[in-house]
Amino acid sequence: MIDDKFIDELKEKNNLVDVASKYCDLKRKGAVNYWACCPLPGHSEKTPSFTVNEPGQFFKCFGCGRGGDVISFIRIMENLDYVGAVRFLAERAGLPMPDDNRDYAKIAKERSERDRLLALMKTTAMFYVENLKDPRAKKYIDYMQSREVDMRTMKIFGIGASLDMSSLPRHLKAKGFTEEEMIKCCVCKKKVKDDGSSFIYDFLAERLIFPIINNLGNVIAFGGRTLEKNPRFMKYKNTEETELFKKNRTLFNINKLKLERAKQELSEVILVEGYMGTIRPYINGFKNVVASMGTSLTVEQAKILKRYAPTVIICYDGDSAGQKSTLRGLDILAGQGLEVKVLQLPPPDDPDDFIRKHGAEEFKKLLDESLPLIDYKLKILEKGYDITNDAERRKYIQEAIKV
Ligand SMILES: [Zn+2]
């Protein structure tokens, strides 16, 4: 039970102006009101009609008509129920929830440590982008150009480069971060030499760098692609799991998907594999695209997707479609109540190859023709039987009933 006294204290410690500022660019106009372009999902505008009244601690949007207090604001923005929003604000303010004996002093301390790690990740991302101005980065820019990705697109996705082993740790140290923090974020690793001395180095040294950004806009990990042909080097290497980066809960491009959903209700999300598999559709106007992190889909990822759209169109590489792990992923999505469709690309194309070869129009056609899950499963099943043969056809029908 949450009593009024607690709610009063909660509101006192969560000034709506501060809370809302995290979601929009509030500008003071007049004595009491702040104005911004409306941050509420489903409403997009160019001139501000969203206001926050500071003394009254309420908001009102004259465009979409919604309004309320700080709790209703968080309910809408974070898609939470009442208790969830109260908990969110309690944690933000370091207040213990009633009947909640968690150690809030500890939570506050962990939060400030986490903020430092997030700052470290952001500093690292900016460093990699800045590297593109170095003549040594030319090969990465040339490589991207050869794959028809221009500087503008690189900027949109924050793509950068690591040029050597030692510049990053040196830069981070100069910015006040400790080696321990660099290692905690897995942007650096420590190597102990035979003579017992050690050095710290950039974990993704000499790679093209793709930042992985969460739904709150924080950089939480990086993917690095080497241009070395030597198979000794893994083509792609990602940040290992850290306090900030949990693979099974992460979707690449979720930050941009969130922006899309803020502009309009989405009827579907396109789920692809890989960085280029995401970037190509995105820059061709398919902005509702995200990628799983190379692993099989998880229940957590399915739950996240469900917050954005009712339908997921899976568009995996021609190679992996039909494989057991793909089918399992489809069932996981369906298990969360999502409508699942499958877009089949002609092997061995991935979305990047396909759009480059055939264009966005053709990709759109395939999207429109994507198969509902059950049809897709039947199609896969059918491949295993010769249905012109009576006995085989009976077997096929028996199996099909189970689908
Ligand atoms: Zn509005």
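User: In this predicted model, what share of the contacts between residues at least 6 apart in sequence joins residues at least 24 apart?

Analyst: Good place to start! The chain is built from 17 helices and 17 strands. Counting its contacts between residues at least 6 apart in sequence, the share that joins residues at least 24 apart is 60%.

User: Which geometry does the site of the zinc ion have?

Analyst: The zinc ion is held by C38 (SG), H43 (ND1), C61 (SG) and C64 (SG), at 2.0 to 2.3 Å. The angles among these 4 donor atoms run from 98 to 121°. Four donors are called tetrahedral if all angles lie between 85 and 135 degrees, so the site of the zinc ion is tetrahedral.

User: How many residues apart are H43 and C64?

Analyst: The donor residues follow the spacing C-x4-H-x17-C-x2-C. H43 sits in the loop between β2 (33–36) and β3 (50–53), while C64 lies in the loop between β4 (58–61) and β5 (67–68). This pair links distant parts of the chain, with a separation of 21 residues.

User: Is H43 buried or exposed?

Analyst: For comparison, C64 has a relative accessible area of 28% and is partly exposed. H43 has a relative accessible area of 15%. Because buried means under 20%, H43 is buried.

How values were computed. Residues numbered from 1 in each chain as written. Predicted model: local features only at pLDDT ≥ 70, side-chain atom pairs only at ≥ 80, totals over all residues. Heavy atoms only, no water. Donors = N, O, S within 2.8 Å, 3.2 Å for Na, K, Ca; no water. Tetrahedral: all angles 85-135°; square planar, octahedral: opposite > 155°, others 65-115°. Helix = DSSP H or I, 4+ residues; strand = E, 2+ residues; numbered from the N terminus. Buried < 20%, exposed > 50% of the residue type's maximum accessible area, 1.4 Å probe, protein only. Contact = heavy atoms within 4.5 Å.
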